[in-house]
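Please look through the sequence and the model below before reading the points.

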Amino acid sequence: MKYDSLEYNQPTNSEVGVYECEIHLKFRLVEEKGALRDREQLLEILLDAFTCGSDEYMEPIQVDVAAQEMSEIEASPQMRRQLIRLRNAKD
């Protein structure tokens, strides 16, 4: 059998920008009490639960999302360097 290779073509003029995003989530969650005491893992646990979607363990109450493009000058030097890398990437 012969398989033809498929070539993935990215847009040559891909635009990237810096965005400021704000998310307000309110939901009820059934979880072990000890899991929510570790502050370092709390956000990860909550986001994982939310991304899995509604089920008998998670009930969304309120979800508000806003994203706004911001000036590159307002971005940190690390983000500006990453933008330059992305724009200069040939792949």
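Where is Ser-54 found?

1. Ser-54 sits in the loop between H1 and S2. Helices (H or I, at least four residues) and strands (E, at least two) are DSSP runs, numbered from the N terminus. At 54% relative accessibility, Ser-54 counts as exposed; buried means under 20% relative accessible area, exposed over 50%, and partly exposed in between (1.4 Å probe, protein chains only). Computed along the sequence, Ser-54 and Phe-27 are 27 residues apart, while their C-alpha atoms are 9.7 Å apart in space.

2. A word on the source: this is a predicted model, in which local features need pLDDT of at least 70 and side-chain atom pairs count only at pLDDT 80 or more, whereas totals for chains, interfaces and linings use all residues. Residues are numbered from 1 along each chain as its sequence is written, and side-chain values use heavy atoms, with hydrogens and water left out.

3. The overall layout comes next. The protein has two helices and two strands, and from the N terminus on these elements run β-α-β-α. Of its 91 residues, 10% count as buried. The protein exposes about 8800 Å², and carbon and sulfur atoms supply 50% of that area. Accessible areas come from the Shrake-Rupley method with a 1.4 Å probe; for residues, only the protein chains shown count as cover.

4. Contact means heavy atoms within 4.5 Å. Among contacts between residues at least 6 apart in sequence, 72% join residues at least 24 apart.

5. One aromatic pair turns up in a search of the whole structure. It is tilted, because the ring centres of Phe-27 and Phe-50 are 5.4 Å apart and the ring planes are at 35°. For reference, rings of Phe, Tyr and Trp (its six-membered ring) pair if their centres lie within 6.5 Å; planes under 30 degrees apart count as stacked, over 60 as edge-to-face and the rest as tilted. The pair links distant parts of the chain, with Phe-27 in strand S1 (residues 18-29) and Phe-50 in helix H1 (residues 39-52), 23 residues apart. Phe-27 is buried, at a relative accessible area of 18%, whereas Phe-50 is partly exposed, at 23%.

6. How many salt bridges does the structure hold? There are two, a salt bridge being a side-chain nitrogen of Lys or Arg within 4 Å of a carboxyl oxygen of Asp or Glu.

7. One of the salt bridges joins Glu-59 and Arg-28, whose closest N and O atoms are 3.7 Å apart. Glu-59 lies in strand S2 (residues 58-70) and Arg-28 in strand S1, so this pair ties together parts that are 31 residues apart in sequence. Glu-59 is partly exposed, with a relative accessible area of 42%, and Arg-28 is exposed, with 52%.

8. Arg-87 forms a salt bridge with Glu-72, and here the closest N and O atoms are 2.5 Å apart. Since Arg-87 belongs to helix H2 (residues 77-88) and Glu-72 to the loop between S2 and H2, the pair ties together parts that are 15 residues apart in sequence. Arg-87 is partly exposed at 41% relative accessibility, and Glu-72 is partly exposed at 33%.

9. Which residues make the nonpolar surface patch of about 540 Å²? They are Ile-23, Leu-25, Leu-43, Leu-47, Val-63 and Val-65. Patches are made of residues with over 30% relative accessible area and no salt bridge: like charges are joined within 9 Å, nonpolar side chains (Val, Leu, Ile, Met, Phe, Trp, Tyr) within 5 Å. S1, H1 and S2 each supply at least two residues of this patch.

10. Ile-23 lies in strand S1 and is exposed, with a relative accessible area of 54%. Leaving aside neighbours within four places in sequence, Ile-23 is in contact with Asp-64 and Val-65. The C-alpha atoms of Ile-23 and Val-63 are separated by 7.5 Å, although the two residues are 40 apart along the chain. Leu-25 is also placed in strand S1, and at 32% relative accessibility Leu-25 counts as partly exposed.

11. A disulfide is a covalent bond between the sulfur atoms of two cysteines. The search of the whole structure finds zero disulfides, the cut-off being a pair of cysteine sulfur atoms within 2.5 Å. Cys-21 counts as exposed at 54% relative accessibility, and Cys-52 counts as exposed at 66%.
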